[in-house]
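Here's a friendly walk through one protein model. Have a look at the picture and the sequence, then read on.

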Amino acid sequence: ANLAAGRAGKPAFIDASGSWTYGQLADRAARFGAMLRAKGIRREERILICLLDTIDWPTAFLGALKAGVIAIPVNTLMTEADYEFMLADSRVRMLVVSEALYPKFASLIAKSPDLQHVVVSGDNAQGHDRFEDLISQAKPEDYTAPTTRDDIAFWLYTSGSTGKPKGAVHVHASLKFTNDLYAVPILGLKESDVCYSVAKLFFAYGLGNAMTFPMSVGA
């Protein structure tokens, strides 16, 4: 919708590396989705996303949804034992992780029989695929999976305060509902707004504050 509204050249995100436009984000998400299909990740299969808040986060999340793949963004402050449980519980096919967070996963990769692909965001891919290399090599195909509003879109793991973290399942419509029922009537965001979210993107509230809410109005 933002591209159709003529906002392809408008900044969508600002991270430590600079400003990224809606057009660039759309291109990156399309490339990420194409990469998933090229790697053999099928619709309704899952990928674990443990990324710091950079442009790679919305690239991976939106790219997965575009491909019909289920995104599982996780808290970047969890323990190695928590990540081991999440990898086993979710049976993800791919791990997408920031270079700074990779050490917590280094010993877990070989222990995760369902995990087939590891993508590292950063300069040193630790012997795995480098996020930016895959993005640059992929072709941004004009493809969006024919998902419905009730198809599973993403999981968010609970904090585990009452035991092991639980994967809370969210459907595609959930993202629109949080916007329609909260962001629009309560926050009243406008295209000219700039949003800063203290809550990180992996939190449900940060996911809205830093991505879906501003993007819904082209902010």
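## A strand covered on both sides

Let's begin with strand β5, which has cover on both of its faces: Met94, Val96 and Ser98 are buried on one side, and Leu95 and Val97 are buried on the other. Here, buried means under 20% relative accessible area, exposed means over 50%, and partly exposed is anything in between, using a 1.4 Å probe and protein chains only. In a regular strand, side chains alternate between the two faces of the sheet. With 5 of the 5 residues in β5 (residues 94–98) buried, the strand is largely enclosed by the rest of the structure. The names come from DSSP runs numbered from the N terminus: helices are H or I runs of at least four residues, and strands are E runs of at least two.

A quick word on the ground rules: this is a predicted model, where local features need pLDDT of at least 70 and side-chain atom pairs count only at pLDDT 80 or more, while totals for chains, interfaces and linings use all residues. Residues are numbered from 1 along each chain as its sequence is written, and side-chain values use heavy atoms, leaving out hydrogens and water.

## Who sits beside β5?

Which strands pair with β5? One is β3 (residues 46–50), which runs parallel to β5 and is joined to it by 4 bridges. Another is β6 (residues 117–121), also paired in the parallel sense, over 5 bridges. Two strands count as paired if DSSP finds at least two bridges between them.

Now for helix α2 (residues 56–66) and helix α6 (residues 204–217), which pack at an angle of about 70° with their axes 12 Å apart. The axes are lines fitted to C-alpha atoms, for helices over the stretch in contact, and angles run from 0 to 180 degrees between N-to-C directions. That makes α2 and α6 roughly perpendicular to each other; angles under 35 degrees count as roughly parallel, over 145 as roughly antiparallel, 65 to 115 as roughly perpendicular and the rest as oblique.

Which residues meet where α2 and α6 pack? Trp57, Pro58, Phe61 and Leu62 come from α2, and Leu207, Met211 and Met215 come from α6. By class, this contact has 7 nonpolar, no polar and no charged residues. Nonpolar covers Ala, Val, Leu, Ile, Met, Phe, Trp, Tyr, Cys and Pro; charged covers Asp, Glu, Lys and Arg; the others, Gly among them, are polar. As for cover, 9 of the 11 residues of α2 are buried, including Trp57, Pro58 and Phe61. After α2 comes Gly68, with a positive phi near 80°.

Setting aside neighbours within four places in sequence, Ser90 is in contact (heavy atoms within 4.5 Å) with Arg46, Leu48, Ile72, Trp155 and Tyr157. Arg91 lies in the loop between α3 (80–90) and β5, and counts as partly exposed at 48% relative accessibility. Its phi is near 55°, a positive value in a residue other than glycine.

Over in helix α1 there is Arg31, which is buried at a relative accessible area of 19%. Again leaving out neighbours within four places in sequence, Arg31 is in contact with Ile135, Ser136, Ala138, Lys139 and Pro140. In the loop between α1 (22–38) and β3 you'll find Glu44, a residue other than glycine with a positive phi, near 75°.
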